[in-house]
Amino acid sequence: MYFIQHIESITHQDSFQKDNIWNDLKPLTGENELISPDYKNYIPVAALRRLSTILRMGITASKACQEKVANEFDSISVGTALGCLTDTEKFLVTINTVSGDILSPTAFIQSTHNTISGQISLDLKNHAYNMTHTQNALSFEVALKDGLLCIDEGKNSVLVGAADEAIPFLERLRGSLIETEHPFTSGATFLVLSGEKGNSIACIQACEVYFTNENKATQVEQFLAANNCSFQDLDLILEAGSDFKSQAKKHYSFLKYSGFYQSASAFAVHMANDWLIKNGDDKTILIVNNLESNKLGLTLIHRNDVEA
Amino acid sequence: MRIYVTGYGVISSIGENVEETLLALRSEKTGIKQGKKTYSEHFKVGEIGWTNTELVQRFDLTQEASRTAILGMIAAKEAFKGHALNSDIRTGLISGTSVGGMDVSEIAYKDFLNGETDDLSIYKNHPSGTTSEQIAKELEIDAYVNTISTACSSAVNAIMLGARMLLSGQLDRVVVGGTDGLSQFTISGFRSLMIFDEEWCRPFDETRKGINLGEGAGFLVLETEETIKRSGKQPLAILSGWGNASDAYHQTASSPEGFGATLAMKSALKVAGLDPSDIDYINAHGTATPNNDLSESHGIKTVFGSTIPPFSSTKSYTGHTLAASGGIEAVFGILALNKGILLPNLNFKQAIEETGLVPVKNYSEGNTIKHILSNSFGFGGNNSTIILSAI
């Protein structure tokens, strides 16, 4: 078992440093902006100015996590689908418009995907294992699986996170490359996992990723069977789409709450954790990440057993 | 449980496959030349002299894609050649890349900026994750696909993750490595950092000024002991150690004492169960920037003390191929193990005054080489090391 010690999200919902994100959770309209915390509390003002949204979110969420757990992280694993889009676009504009030999390197330096995890290690002075994964809509799940593996290998304070940021350019791809009715949003969720229960309420029982075009219902059934449960045992399904709504006792499409970014299934983990805090009788939640039709991510969240 | 390397493939400016690469290494012939593209013509770069379309045709690829994906397909296909797909052998692919499909998306984006019609379908090749999915598709691998993006240590981190997933029983076999195609974005990026050497790069030389960029891909096939019994493949080498650590010093610069580098090398030695004195050759990261080479030298000195094994940087052969470098250099490492090769550090003349370290200067074969340590360090202080051992 992989116990969720703490979880923080910065999204278009009021989700940062909340007792329970369900208290204020509402379906997003296209009008909702990113709800930014006071980043100055986590990042020196001089540094803040040159940091894009994705870096601000990632650094702040992970620092807020570190404050809540006793041990320094002994592993940092971050997933991002499209990475630092603001700085990537900024540098693309620079190289196409600025002539002469002197180009500012800041946007280039901050354009690489691992700027997020690198900056976290730098700000926390953390020398541990530091990894950045990017696999389109499964970017969070592959980062999470690395974190779980780190715990299997004996690490005990494992930071796993996902972050993506929206830029206006994405709107041009709607309907052609990106099929979604949801607004493009930015979001970051970071959680601390441990092999020890501590004060945690819930744990991640299993996470699996699929890259085949096999029937998704069959894959879900096999995944549940491998974890000794079935649809009947699920109290809640959090799903990107709504393919499994008819089989669920309770069902939410998490994209309605997170908006569209490809690592939004990390926010669903936050929804699941807080759901179990709020709903004392519920035990098991399945997150179905079917955001892209050619792949599938499944994460099973379970309430910790109460010791007698 | 041992992790075996059972396949390898490589493409870079010094050769389009393992055989050509060995010939170039042996003849001490660099692939770095004056650039041929509009954005590279002012620099010395390790370019591969074919267009994307030409590469797709020459290597009989089934997909049009970005340069990063195409180079990856070529090297991964060579590595996977002769490996049968078998539903009993769960096979994954983990690739490292820093820019993904930038070489094609930057062209479309330029049209957009100029108010011309940009072909939106090109952007589908942009995500780094897509490059790996395209490579996996070319090999018909679908049990697991992942992309590591930690700048210049990406390929070594992909190799490391592959080994850990094999050990944990999540996969039976995994194709691992890295790929990066040159793009205007990357060339302008490193130009903005002002770390290009206008002459041929000189790793570990007192007069070194900076890097020459390169492009390419390098992939390995890793299998467990159990899988080998079923696949019947002959192992080429053992992947015996790996380590990753964060320097946590600066966004782009390495700590002067090579703290992260030291941690990465030490943890790889620990995983391998080896002492520093067991290492017979170090393939250094050795980018030829003043900062990296000094920092790495201090790290090597810290780990190896006064008995430093023969070491060299092969960046003066290929240029710095960024996310691909650790994969390409792993292929060099396997060649070195199997033929007892010490690879020369081309263009070296004068030791760095502060360290006095002298790398391997001439190519030689037939040396006794049992264990090789290979370093890759990335932006953001991401430091990684693997150790390859002879069978």
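**Entry 1: extent of the interface.** I worked from a predicted model. I first looked up the contacts between the chains: 53 residues of chain A are in contact with 56 residues of chain B. I then took the buried area, which comes to about 4,700 Å² between chain B and chain A. Carbon and sulfur atoms account for 60% of that area. On the chain B side, I noted B:Arg164, B:Phe185 and B:Gln251, which supply 15% of the area that chain B buries against chain A, more than any other three residues.

**Entry 2: polar terms.** I counted 23 residue pairs in polar contact between chain B and chain A, with both residues at pLDDT 80 or more. The rule finds four salt bridges across this interface. I looked up one salt bridge by name: the side chains of B:Glu133 and A:Lys295 meet at 3.0 Å, N to O.

**Entry 3: elements on the chain B side.** I listed the elements of chain B that give two or more residues to the side touching chain A; among them are α4 (102–113), α5 (128–139), α6 (154–167) and β9 (237–246). α7(B) gives the most, with eight residues. By class, I have 24 nonpolar, 23 polar and nine charged residues on this side of chain B.

**Entry 4: α6 and α12 of chain B.** I turned to how α6(B) packs with helix α12 (residues 325–339) of chain B. Their axes come within 5 Å and cross at roughly 70°. An angle of 65 to 115 degrees counts as roughly perpendicular, so I recorded α6(B) and α12(B) as roughly perpendicular to each other. From α6(B), B:Ala155, B:Val156 and B:Ile159 meet B:Gly326, B:Gly327 and B:Ala330 of α12(B). I divided the residues of this contact into four nonpolar and two polar, with no charged residue.

Methods:
Residues are numbered from 1 along each chain as its sequence is written. Chains are lettered from A and ligands numbered from 1 in the order in which they are written. Side-chain values use heavy atoms; hydrogens and water are left out. Contact means heavy atoms within 4.5 Å. Buried area is the accessible area (1.4 Å probe) that two parts lose on being put together, summed over both. A polar contact is a pair of N or O atoms within 3.5 Å; within protein, one must be able to donate a hydrogen and the other to accept it, and residues adjacent in sequence count only if both atoms are side-chain atoms. Helices (H or I, at least four residues) and strands (E, at least two) are DSSP runs, numbered from the N terminus. Ala, Val, Leu, Ile, Met, Phe, Trp, Tyr, Cys and Pro count as nonpolar, Asp, Glu, Lys and Arg as charged, and the others, Gly among them, as polar. Axes are lines fitted to C-alpha atoms, for helices over the stretch in contact, and angles run from 0 to 180 degrees between N-to-C directions. Angles under 35 degrees count as roughly parallel, over 145 as roughly antiparallel, 65 to 115 as roughly perpendicular and the rest as oblique.
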